[in-house]
Each structure stands twice: as structure tokens, then as C-alpha cells.
Amino acid sequence: MTVKTLVPDRRAALKAKHRQAILDAADALIAERGAPRFSVDELAERADVSRRTVFNHFSSLDEVVMTACTRVLTGAVDEFRAATAATPVGDGSRASLFAEIIQAMQGIDLPAVVSYLWGVLGDDGGDPRSHSLIQDVFTRVTEQLSIEMAERSPATDPLEAEVLVSSLMNGIAVVARHWITRTGAVVDADSRDVWADLLDRVTTSIRAGYGPPPAGARTPAVDAAPSAAETPAAAETPAAGPTEPDPTTP
């Protein structure tokens, strides 16, 4: 091995070390203060790097926070990977892949992850961008997860795998928004039940799609429609009978 190959390796290792130190420092400051309330100078001091080094790795303080949040979700995704690895591979169909993903997703403690993200990004609910930021965190892991699922099921079209994973991740982001609204992002037995119900409803919608129902299927709208005899107009209008002769008619 030549000196020329050693120098880039050393530089790459140092860059990775600094990036890790910055993110670890952000995690520590968020944990201490309960929110990302710190300056770039405070972050640099905690990470034992210069202010310039922080901006060599991240475009802004917001980018540092988003990356730190993504790491938290990535930890949950690692649980997902372990769960899918332990799940037997199906026949490679979209339906089979969908079932495998849902089974693995249900084993992840996503309410705790979303609660943490809301604590960091929620801004006490005052910032309308809060829910969008959480969705961005989910979007960040979609591409890699799509690649892994395609590799797990080679018979599945990579495009279909990505569409499926994207639909699920976007669906989970929607679940997170409704769950936060209903529970305040407090994690307890009741809120976990709410999460399970919302996740089941969303995954059922994704699985079923939005095409027309099969021929002969009864829809809720049809079932709920009153018959003509049950409408108020029908009930108030007397039935037609024989017409009485007009006494003025000769």
C-alpha cells in the first residue's frame, strides 16, 4: 500500500469522526434541553470541533437537527431490517412483499420514535412546518429501505418495491400526524391502541387501493341510502286513490 492511498483514508476517517462527534453532540444537547435550542458555537464546542468544521459537514443547524432525527428513525429501521430478516421470504409477489413489510412494521415501537421527533421538531405545535419536517425524516429513509426490500425479493420489480415502500412510509407519516393530534404524542397504553388502529386503517387502504369495487359489491354509501318508502317526502305524501267527481261538472 502506498502513501497516496493512506492519506485519503486518513482524511476520510477524520471527516467521519468529526461528523459523528457533531451528531453525538447534537443528540446530547437535545436530550439536556428537551429541544434543539442551541447555537452553532455551542454545538461546535460540545463536539470539540471548529464552527467551520460544522459547516463543512452540514449546510445549517437545521440540517444537523434533521440528520440527528433521521438517525433516531434509522435505529427503528434497523429493528425493521432485523424483523424482515427473520421473516421467511414469500413468493415475490407485491401482495407477499406488502404482508412482510407490514408484519415487520408492526413490531417496531414507532409511537416512541414519533413522540421523540415531535418533541424535537414540534415547536409546541406552533410551527406549521412541524408535521412536514417529520414527514421529511420518514422520506429520508425511504430510498435505502426500498433498495433493501428489492434485494430481499429479487422477483419484485425495483420500481414496484420503491412505490410500495414510499406509499407505506408516507402512510406512516400521515398516521403520525393524526396520532399526534389525538394523543398529544404522549406514549401510553391508550395512545398505543390509537396508533395500532390508525396504522391498521392506513395499511388496509393502501392494500385495497382506490379502484372501483368488484361487480356486485355493496358499498357503505349504497347501504346507507334510504329507500323511497323511507324518505320523509314519501311518508308525508298520501297514497294516490280514486279521484272524486267534481260536483260542478254536469
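Which residues lie nearest the centre of the largest cavity? I shall return to that question after a brief introduction to the chain.

Good morning, colleagues. The structure before you is a predicted model. The protein chain contains 12 helices and 0 strands, so its pattern, read along the sequence, is α-α-α-α-α-α-α-α-α-α-α-α by the helix and strand assignment used here. Of the 250 residues in the protein chain, 34% are buried. If we take contacts between residues at least 6 apart in sequence, 64% of them join residues at least 24 apart. The chain exposes about 15300 Å², and carbon and sulfur atoms supply 56% of that area.

The largest nonpolar core has 59 residues. Leu43, Leu73, Leu121, Phe138 and Trp195 are the residues with the most contacts inside this core. Helix H9, residues 158-183, gives the most to the core, with 11 residues. As for Trp195, leaving aside residues up to four places away in sequence, this residue touches Leu110, Pro111, Val114, Ile172, Val175, Ala176 and Trp179.

I come back to the opening question. The count comes to 1 cavity of 30 Å³ or more, and the largest cavity holds about 60 Å³ of space. Its lining has 11 residues, and those nearest the centre are Leu73, Val77, Met105, Leu110 and Met169. Helix H4, residues 61-86, and helix H9 are the elements that give two or more residues to this lining. H4 gives the most, with 4 residues. By class, the lining comprises 11 nonpolar residues, with no polar and no charged ones.

Definitions and conventions
Residues are numbered from 1 along each chain as its sequence is written. This is a predicted model: local features need pLDDT of at least 70, side-chain atom pairs count only at pLDDT 80 or more; totals for chains, interfaces and linings use all residues. Side-chain values use heavy atoms; hydrogens and water are left out. A nonpolar core is a set of buried Ala, Val, Leu, Ile, Met, Phe, Trp, Tyr and Cys residues joined through side-chain atoms within 4.5 Å. Buried means under 20% relative accessible area, exposed over 50%, partly exposed in between (1.4 Å probe, protein chains only). Contact means heavy atoms within 4.5 Å. On a 1 Å grid over the protein atoms alone, a cavity is a set of points where a 1.4 Å probe fits but cannot get out, and a pocket is an open set with protein on both sides within 12 Å along at least five of seven lines; lining residues have an atom within 4 Å of a point. Grid points are joined across faces, edges and corners, and a volume is the space filled by probe spheres set on the points. Ala, Val, Leu, Ile, Met, Phe, Trp, Tyr, Cys and Pro count as nonpolar, Asp, Glu, Lys and Arg as charged, and the others, Gly among them, as polar. Accessible areas come from the Shrake-Rupley method with a 1.4 Å probe; for residues, only the protein chains shown count as cover.
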